[in-house]
Amino acid sequence: MAEKAVEVYTDGACRGNPGPGGWGVLLRWGGHERELKGSEPDTTNNRMELQAAIEALSALRRRCRVELYTDSEYLRRGITEWLPGWKQRGWKTASRKPVRNRELWEALDRLQQKHEVRWHWVKAHAGHPGNERADALANEAIDEMNGRGA
């Protein structure tokens, strides 16, 4: 049984697609907050969305009840709807093409099984404070990688 309840906001950003990308995470629990961010020089927005969720769940040291908020339908629908079919078809899409970002999906699937995760979609750039902060962290990570950050 998961004891600790954690609210998680994740976001990925990419300047060009592909191009330099970043991911951001805001974790909230029991009156505490933790922020995480990272970047890659040549990636896609979808990969950064996945990486944000992977990093968020990896940061949890014990089993938790997680309310995870993302503005990515690709991430939310992939993990909640498409994943079982991909696995059943040997990591092929419904049109029999290889699933893109398979290694990230596999990592995310392993991590989510360690927790009790509920996936939520929020509209991007709509003033949702947690989502806006995760977006800012993702963009800060890109700026820092490109030498324009703090």
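Me: Among contacts in the chain between residues at least 6 apart in sequence, what percentage join residues at least 24 apart?

Reply: Of those contacts, 66% join residues at least 24 apart. A contact here means heavy atoms within 4.5 Å. The model is a predicted one, in which local features need pLDDT of at least 70 and side-chain atom pairs count only at pLDDT 80 or more, while totals for chains, interfaces and linings use all residues. Residues are numbered from 1 along each chain as its sequence is written, and side-chain values use heavy atoms, with hydrogens and water left out.

Me: Which elements does the chain have, and in what order do they run?

Reply: There are 4 helices and 5 strands, running β-β-β-α-β-α-α-β-α from the N terminus. Helices (H or I, at least four residues) and strands (E, at least two) are DSSP runs, numbered from the N terminus.

Me: What makes the chain as compact as a globular protein of that length?

Reply: The globule rule (2.2 Å times the number of residues to the power 0.38) is set against the radius of gyration, taken over C-alpha atoms. For 150 residues the rule gives 15 Å, and the chain has a radius of gyration of 15 Å, so it is as compact as a globular protein of that length.

Me: Why is Asn-131 called buried?

Reply: Buried means under 20% relative accessible area, exposed over 50%, and partly exposed in between (1.4 Å probe, protein chains only). Asn-131 has 2%, so the residue is buried. Its place is in helix H4 (residues 129-145), and among the residues it touches are Tyr-9, Asp-71 and His-125.

Me: Is His-125 buried or exposed, and how do you know?

Reply: His-125 has a relative accessible area of 55%, so it is exposed. This residue is in the loop between strand E5 (116-121) and H4, and its phi is near 55 degrees, a positive value in a residue other than glycine.

Me: Why does Trp-91 count as buried?

Reply: Its relative accessibility is 10%, so Trp-91 counts as buried. Phi of Trp-91 is near 60 degrees, also a positive value. Most residues other than glycine have a negative phi, and most peptide bonds are trans.

Me: Which peptide bond is cis?

Reply: The bond joining Asn-17 and Pro-18 is cis, with omega about 15 degrees. Pro-18 lies in the loop between strand E1 (4-14) and strand E2 (19-29).

Me: How do you know that the span of helix H1 agrees with what it should be?

Reply: The expected span is 1.5 Å times one less than the number of residues. For the 14 residues of H1 (residues 45-58) that should be 20 Å, and the end C-alpha atoms are 20 Å apart, so the two agree.

How values were computed
Lists of a residue's contacts leave out its neighbours within four places in sequence.
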